[in-house]
Amino acid sequence: MAAALVAPLASVPRLAGQAGTQRPPDLPVTRLEGRATEAAQPPPQAPRPGVPGDLPVTQIDDRGANLDGPRTIALAISQPMALRDILLLLVRGTPFSIVTDEQVGGTFVGDLKGLTMRQALEAVLFPRDLDYDVRGNLIRVFPRKPETRLFNIDYVNARRRWERGVQSAIAPDAPPSARAVTTTDADLLDDLAHGVTALLSSSGRMHVDRTAGVVQVTDFSERLDQVGLYVEAVQLRANRQVRIEARVFEVALTDPASSSVDWKAVAARAGAALRPASGRGASGIRIEDLDALMRAIAEQGSVTTIAAPQIVAMNNEPALMRVGTQSVYFVTASEMERQGKDVRPPAPASVLEGLTLVVTPQVASDGIVQLQVAPTYTRKAEQQGSARPGSIPALNVSEADTLVRVQDGETVVLSGFLQHRTKVTAGTGVAGLFGAQSRAIVNSELVILLTPTVVTPGVGATGGTR
């Protein structure tokens, strides 16, 4: 139920040295949302000389000074009215006192309905670049001025650049027939500076102290609040971490007719839940017992563990794992001539025989982890005869570069890296006594198991300090 209060201005205060009274036109109506007062109102009394008449009453909360009280204000102004009179009208009959700076001026025309005192003040002041603060029961109105806040950035001051490519070509100088290049140029502080600049007003400015990890921003308060939310969101997401447990092993298949490991049979044997990759859902294997899974794989062939590294990676930051033997060789003058290069003394070079695994995780808020996985496994190829000392070795290379989605705690299986090698065993019986050997072709498959686990984040970053 709404109560409408109308009280014309009967008289104005008489200043010293002045005589008589003057009656200005009636002020607009202020309607208050709430229960109407049921008590009988006394009839209006005539103004006494020297005593100001009644101004329109704005009653929002008799129990205390609260800008967000339960009662609301409705105010209709159809003709331009001095802004100072509007402010006096809003606080008349309330516990608040209001003062304005000398620069506060202008007029107001508008229709306010169902607003609290705070909302009414902001609707009147903010469009005119005015602001206010409340200290106790005193409201002070003043022109808006930019203020400065400092935001802490808890992140390493480092620019990381990484590039990896996979390609195939017929000849060294021929264009690649297939190529995939992944480039990462991560600099969170530089990206943060661009994001903060986009939120500032035309008069705002900012500075990033990379060494101290502090962002200094000067702008209006509502812009600073947006910057604080943005900085907090960036830090919460950038500081997410993933623990990646990798298992790399080679399976020498027992059945010569088998082309690869039967993962459906392995999952059924180990009691693991196999999630198919369909639609936009995540794909992976939910493994409760890793030892049972390894036993199920061992039923299909001999398992040789190559590496089992564990690493913790930040959100959207590449993590590099490398295990193997670094072999050194020398590029001779004849090889340089064949490559069309200037003849120089033999130069040392190296090649890794083993595993290189690069993983870049991205953690979503729903617990799904996206992984950019780039494994490379190299081993020396079998050569007929003896190679020259220090010559470039021939390598068998298995590599891939892919993106996968998996639930937190599930396991991604990368397989299908098939290799064929000759297994030499000593002969049996009389032939073995004379050094006879038997040779058999063994089909082997390289398998990589990746299990990402999201690390529980710590306390979020604070918005900012004045």
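Salt bridges and burial

In this predicted model, a network of salt bridges links Asp-101, Asp-133 and Arg-140.

Q: What makes the pair Arg-140 and Asp-101 a salt bridge?
A: The side chains of Arg-140 and Asp-101 meet at 3.9 Å, N to O. The cut-off is within 4 Å, between a side-chain nitrogen of Lys or Arg and a carboxyl oxygen of Asp or Glu, so the pair counts as a salt bridge. Arg-140 lies in strand β7 (residues 138-143) and Asp-101 in the loop between β4 (97-100) and β5 (107-115), so the bridge ties together parts that are 39 residues apart in sequence.

Q: Why is Arg-140 called partly exposed?
A: Its relative accessibility is 31%. Buried requires under 20% and exposed over 50%, so Arg-140 falls in between. Asp-101, at 24% relative accessibility, is partly exposed as well.

Q: How do you know that Arg-210 and Asp-187 form a salt bridge?
A: Their side chains meet at 3.0 Å, N to O, and the limit is 4 Å. Arg-210 is in the loop between β11 and β12 (214-219), while Asp-187 is in the loop between β10 (178-186) and α3, so the pair joins parts 23 residues apart in sequence.

Q: Are Arg-210 and Asp-187 buried or partly exposed?
A: Arg-210 has 28% relative accessibility and counts as partly exposed. Asp-187 has a relative accessible area of 3%; the cut-off for buried is under 20%, so Asp-187 is buried.

Q: Why is Arg-269 called exposed?
A: Its relative accessible area is 60%. The label needs over 50%, so Arg-269 is exposed.

Q: How many salt bridges does a search of the whole structure find?
A: The search finds eleven.

Q: Why is Ser-201 called buried, and where does Ser-201 lie?
A: Ser-201 has 15% relative accessibility, and buried means under 20%, so the label applies. Ser-201 is in the loop between α3 (188-199) and β11 (205-209). Leaving aside neighbours within four places in sequence, Ser-201 is in contact with Asp-219, Phe-220 and Arg-223.

Technical notes: Residues numbered from 1 in each chain as written. Predicted model: local features only at pLDDT ≥ 70, side-chain atom pairs only at ≥ 80, totals over all residues. Heavy atoms only, no water. Helix = DSSP H or I, 4+ residues; strand = E, 2+ residues; numbered from the N terminus. Buried < 20%, exposed > 50% of the residue type's maximum accessible area, 1.4 Å probe, protein only. Contact = heavy atoms within 4.5 Å.
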